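Let's take a walk through this structure together, one site after another. Please keep the sequence and the 3D view open as you read.

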Amino acid sequence: MPTIRQLSASVVNKIAAGEVIERPASVVKELMENSVDAGSTRIDVSIEQGGMELVRIADNGCGIDAEQLPLALASHATSKIQDADDLFAVATLGFRGEALPSIAEVSQLLLRSRTHDSTAGAEVEVIGGQMRDVAPCGCPPGTIIEVRNLFYNTPVRRKFMRTTQTELGHATEAFTRLALAHPHIHFTLRHNGRLIHDLPPTDDWRERLARFFGADLAEALIWVESNDGSIQLSGYVANPSHSRANNRMQYLFLNGRHIRDRSLQHALSEAYRGLLLTGRYPICFLRIEMPPDAVDVNVHPTKLEVRFQDGGQLYSQLLGTLRTRFLSTDLTARLQPERSADSYTELDRPDLAAQAEAARRELVDWATGELNKRHQVTDEARPAAQGMLDLRPSTQPRAPLVLNRIDTPEQSWMPSAASSATAPSANAAGGQGGDYVSRRPTALQVHNRYLIAENEEGMIIIDQHALHERVLYEQIREKVLAGSLESQRLLVPEPVDLSPQEAAAVLDQKELLEKLGVEVEPFGGDTVLVSSYPAMLAKNSPAEILRELVEHLLSGGKQPDRRDLLDELLHMISCKAAVKYGDRLSPEEIDALVEQRHLAQDSHHCPHGRPTALVFTREDLDRQFKRI
Ligand code: ADP
Ligand code: MG
C-alpha cells in the first residue's frame with residue numbers, strides 16, 4: 001500500500017514554480033506586475049545574460065512593512081484578495097500569492113523594501129527557498145527585488161533555458177506587454193548595463209506604441225472605439241498596408257492585463273478579410289474594459305488566457321466596430337517616398353545647392369528638347385495626354401508628356417459588359433475612335449497595366465487588374481447572395497473527366513456551385529457534365545472553369561468552412577473575369593473602371609488584399625522633385 005504524505009512547503013513551491021516560472025521572462029512579468037499593483041509610477045528593470053544571471057526590478061510603489069516581509073515570501077500569502085468572493089472581482093494583476101515564494105524557491109532572491117512613512121528599509125534574502133533573517137537596510141521608498149541564478153537548484157529547468165538572445169527576447173516581450181498596458185508609468189529596461197528602453201509616462205498611447213514599434217507604424221494606426229454598455233473597446237488597429245507574418249503583433253489588454261484570445265484573434269482576421277494577403281496577420285493594440293465579474297481570470301496559471309461570461313458578445317462587438325471603422329476610412333496605400341536624411345542637409349550647403357540647381361536645369365533643358373522633338377511626331381496620337389499630367393518645369397513652354405498611343409480595341413474588352421455586371425453605362429453611347437479626342441479621360445493607361453489619374457490630393461496610380469477584380473468581386477458577391485448571378489446555359493452540356501477525388505468533391509459541393517451559376521451532373525465514372533456556367537466567364541471554356549474550381553475545392557482542407565469556400569470561389573471568378581495585367585483598354589473602358597472605383601465598398605484592395613492604387617500626394621511629388 002502506498003502511503004499518503006503531506007508535501008513539504010518546499011516541494012509545493014517547486015511545483016508552483018514549475019507552472020508559473022518557466023523562464024527568466026516569467027520572473028520579469030511577475031515582478032513587474034507586483035510593482036504595478038503596488039501603485040508605482042516608475043519601474044526600472046535590469047537584466048543580465050537574458051535574465052539567467054540576474055533580474056532586478058526597482059519600483060517606487062507602496063513598499064512592504066519590515067514585519068510583513070516574511071509573509072510576502074510565504075506561499076499563498078497575498079494582500080490583494082481576502083476571500084473566495086474576491087476571486088470573481090479581481091482588479092489587480094496578481095492575487096494568487098504564488099509568485100514570490102515560487103521564484104524564491106528556484107533562485108537566490110534578495111528583497112529590499114521601504115514603505116513611504118518609514119524612515120528606513122528592511123531586507124531579506126532567500127536562497128533556494130531558505131529564508132534568512134530580516135535586517136534593516138538603507139533604501140529609497142519602494143521595493144527592489146533581485147533574482148540571481150534562476151533554476152540553479154533545478155538543473156532540468158536550467159537545461160531548458162535557451163541562448164541569451166532568446167531569453168532576452170522573451171524577457172523584452174514581457175516588459176513590452178506591461179509597458180504597453182500602462183503608459184502612465186515610467187519604465188526603463190537595461191540589459192547587461194545597456195539601456196534598451198526609456199519610456200517616460202505619457203497620456204498619448206500612440207507615443208508609447210511608437211517607442212516600441214517605430215513612428216512609421218504609429219502613423220499607420222487607426223483609432224477605434226465602441227461602448228456597449230458594460231464593455232468598452234478602444235485602441236488602434238493598423239492600416240492594412242502594415243501587417244505581419246504571424247499574430248504576435250496583436251496586443252489585447254483586458255482591464256490592464258495582456259491576454260491572448262483565439263476568438264478575438266478570429267474576429268480580427270474576419271474584419272481584415274480581403275484586406276490582407278493570405279498568410280498575413282493584422283496588427284492591433286486594443287484595450288477592453290469590462291466589469292471584473294464579467295470575466296474569469298483564474299483559469300490559467302499565468303493568467304494569459306481568461307474566460308469571458310459572454311464571449312460571443314465581445315466577438316461581435318470587436319468585429320462590428322472594426323467593420324464600421326474600415327467602411328469610413330480611406331485605406332489607400334500611400335507611397336512612402338524614400339527620404340535620406342542627408343539629401344536635405346546637403347542642399348543647405350550653398351555650393352552643393354548651386355550644383356544641384358545647375359544639374360536640374362541641364363536635365364530640364366534636355367528633356368524639354370526631347371519632348372518637343374517627339375511632340376511634332378506623335379502629337380496626333382496623343383490627345384489623351386493633354387492636360388492630364390503637368391510635368392513641365394515652370395519656366396519652360398508647355399510640353400506634354402509622351403505616352404503610348406491608346407488604341408480603341410476592335411472587340412469588347414469585358415465579357416460581362418453585355419451582362420451588365422460591369423456595364424460602362426455612362427459611356428455606352430460614347431462610340432469609337434474620334435470621340436475621345438475631344439474629351440478629357442479620367443485616367444491614362446501606361447504599359448497596359450496601370451492607370452494614372454489625378455485628384456485634388458495628388459496623383460493616383462491604379463492597378464487595372466486589381467481594381468477590376470475588386471469591383472467584380474463585390475458585384476458578383478452581391479448577386480450570388482441575392483441568387484441573381486447570370487449564368488449561361490450550354491446548348492450541349494460538356495463532359496469533363498476528373499479524378500475520383502475531384503469528381504466527389506464537385507458533386508459534394510453541387511449546391512454551392514449552383515449558387516455560382518455552375519450546374520453539374522454526374523455522368524458515369526469520374527466524368528461530370530457541366531450544363532451551365534457564369535455568363536461573365538464566357539470567354540473561358542466550361543472545362544477550364546470547372547477544373548479551376550475543383551482545385552479550390554480540394555485545397556480547402558477536409559471540411560472547409562462553407563463561407564470561406566464561397567468567398568474563395570468568388571475571388572477566383574472575379575480574377576478570371578477581370579481585365580488582365582497587360583490588356584490594353586479603350587478610353588471608355590478606362591472611364592468605366594475608374595468610375596466603378598467609387599462604387600466599390602473597398603476599392604482600395606483587390607480581393608487578395610493587394611492594394612489597387614497608390615497615391616502620391618502633391619506634397620510627396622514636390623518633395624521628390626525638391627521643390628519643398
Ligand atoms: P500576489 O501578487 O499574487 O499577491 P506575490 O507572491 O506576487 O503574490 O506577492 C505577494 C505579496 O507581496 C503581494 O500580495 C504584495 O502584498 C507584496 N508585494 C510583492 N511585490 C511587491 C512590490 N513590488 N511592492 C509592494 N508589495 C509587494
Ligand atoms: Mg504577484
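In this predicted model, a polar side-chain atom of Ser-79 sits 2.5 Å from an oxygen atom of ligand 1. Next to look at is Lys-80, where an N or O atom in the side chain is 2.7 Å from an oxygen atom of ligand 1. Asp-59 also takes part: an N or O atom in the Asp-59 side chain is 2.9 Å from a nitrogen atom of ligand 1. How much of ligand 1 does the protein bury? Taken alone, ligand 1 exposes 540 Å², and the protein buries 93% of that.

Now widen the view to the shell around ligand 1. Helix H2 (24–37) and helix H4 (99–105) are the elements that give two or more residues to this shell. The largest share, three residues, comes from H4. There are 21 residues around ligand 1, and those that come nearest are Asn-34, Thr-78, Ser-79, Lys-80 and Gly-97. Sorted by class, the shell around ligand 1 holds nine nonpolar, eight polar and four charged residues.

From the ligand, let's turn to the charged pairs. Side chains of opposite charge can pair when their charged atoms come close. How many salt bridges does a search of the whole structure find? The search finds 20 salt bridges, and a few of them deserve a visit.

Start in helix H13 (residues 464–482). The side chains of Glu-474 and Arg-470 meet there in a salt bridge, with 3.5 Å from N to O. Why are these two partners separated by about one helical turn? Because Glu-474 and Arg-470 are four residues apart in helix H13.

Leu-472 counts as buried because its relative accessibility is 0%, and the cut-off for buried is under 20%. Its C-alpha is 7.8 Å from the C-alpha of Ala-577, although Leu-472 and Ala-577 are 105 residues apart in sequence.

Glu-619 is partly exposed, with a relative accessible area of 45%, whereas Arg-623 is buried at 18%.

Elsewhere, salt bridges that share partners join Glu-270, Arg-273, Arg-323 and Asp-567 into one network.

Most residues other than glycine have a negative phi. Phi of Lys-626, however, is near 60 degrees, a positive value. With a relative accessibility of 44%, Lys-626 counts as partly exposed. A positive phi turns up again at Asn-448, where the angle is near 55 degrees. Asn-448 is placed in the loop between strand S18 (444–446) and strand S19 (450–454).

Another loop to visit is the one between helix H6 (164–181) and strand S8 (186–191), which is the place of His-182. His-182 counts as buried, at 17% relative accessibility. What does its side chain meet? A polar atom of the His-182 side chain lies 3.4 Å from the backbone oxygen of Gly-256.

Leu-7 is partly exposed, with a relative accessible area of 47%.

Key: Residues numbered from 1 in each chain as written. Chains lettered and ligands numbered in written order. Predicted model: local features only at pLDDT ≥ 70, side-chain atom pairs only at ≥ 80, totals over all residues. Heavy atoms only, no water. Buried < 20%, exposed > 50% of the residue type's maximum accessible area, 1.4 Å probe, protein only. Near = heavy atom within 4 Å. Polar contact = N/O pair within 3.5 Å; in protein donor to acceptor, adjacent residues only side chain to side chain. Areas by Shrake-Rupley, 256 points an atom, 1.4 Å probe, with all protein chains shown as cover. Nonpolar A, V, L, I, M, F, W, Y, C, P; charged D, E, K, R; others polar. Salt bridge = Lys/Arg side-chain N within 4 Å of Asp/Glu carboxyl O.
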